[in-house]
Amino acid sequence: MKLSDIKKSVRNIPDFPKPGIQFKDITTAVKNPAVFHEMLAMLATNFQNRPIDYVVGIESRGFIFGAALAYALHCGFIPVRKPGKLPAKVVSQEYELEYGTDKLEIHSDAIEAGKHILIVDDLLATGGTCEAAAQLLKRLNGVVEGFAFAIELNGLNGRQKLEKYAPVYTLLRYDEA
Ligand code: AMP
């Protein structure tokens with residue numbers, strides 16, 4: 001299967017959740033068994049020889065790719081969640097949104113020092129979300145080994161922000177923001 005075929009299965013929803021945003025809806029891609037399988041196979045092939053102990057998935061669409069990728073790489077899966085969702089003691093990291101701030105949390109005992117981690121989300125836009133995840137993992141003395149995304153929106157400089165921490169791998173790239 002070609003990347004162009006995978007790309008055709010991602011649905012674009014204009015002006016969601018607010019005017020001006022071209023929302024990339026991956027639900028139409030992951031419901032297609034051949035497309036979902038191929039996306040995971042490509043992601044897993046790219047990371048199979050890297051020393052990864054854990055895949056960290058970002059709530060919520062990062063769980064879809066992150067958990068499946070952890071299974072394929074024979075790694076453990078660790079969730080990074082929105083505030084108030086994790087039951088045990090957490091560490092939190094605030095990050096900037098276009099208007100205001102948001103917060104992500106991880107269990108404070110989730111990572112043993114020195115473990116190698118792959119951070120996964122569905123889409124890379126400005127990189128703020130995954131930079132916050134990388135900061136959380138560094139605070140727990142984890143080693144960020146890489147970032148993986150199904151989709152990258154070019155032109156928002158997300159890649160630049162994240163490459164300060166580790167290499168970035170994306171399957172599909174879109175020029176419009
Ligand atoms: P950012 O922190 O700017 O890189 O934004 C990435 C997060 O916001 C990811 O969790 C995405 O699921 C979501 N997101 C941002 N822009 C879009 C978009 N155009 N379509 C779908 N999801 C998006």
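**Ground rules.** I am working on a predicted model, where local features need pLDDT of at least 70, side-chain atom pairs count only at pLDDT 80 or more, and totals for chains, interfaces and linings use all residues. Residues are numbered from 1 along each chain as its sequence is written, and side-chain values use heavy atoms, without hydrogens and water.

I looked up the largest pocket and found a volume of about 1,100 Å³. A pocket here is an open set of points on a 1 Å grid over the protein atoms alone, where a 1.4 Å probe fits, with protein on both sides within 12 Å along at least five of seven lines; lining residues have an atom within 4 Å of a point. The volume is the space filled by probe spheres set on the points, which are joined across faces, edges and corners. Of its 34 lining residues, Arg 61, Leu 97, Leu 123, Ala 125 and Thr 129 are the closest to the centre.

**Ligand.** I then asked which space the ligand takes: it is the largest pocket.

**Polar contacts.** I checked pairs of N or O atoms within 3.5 Å. A polar side-chain atom of Asp 121 lies 2.8 Å from a ligand oxygen atom. A backbone N or O atom of Gln 22 lies 2.9 Å from a ligand nitrogen atom. For Gly 128, a backbone N or O atom lies 3.4 Å from an oxygen atom of the ligand. Taken alone, the ligand exposes 490 Å², and the protein buries 81% of that (Shrake-Rupley method, 1.4 Å probe).

Note on methods:
A polar contact is a pair of N or O atoms within 3.5 Å; within protein, one must be able to donate a hydrogen and the other to accept it, and residues adjacent in sequence count only if both atoms are side-chain atoms. A molecule sits in a cavity or pocket if more than half of its atoms lie within 2 Å of its grid points.
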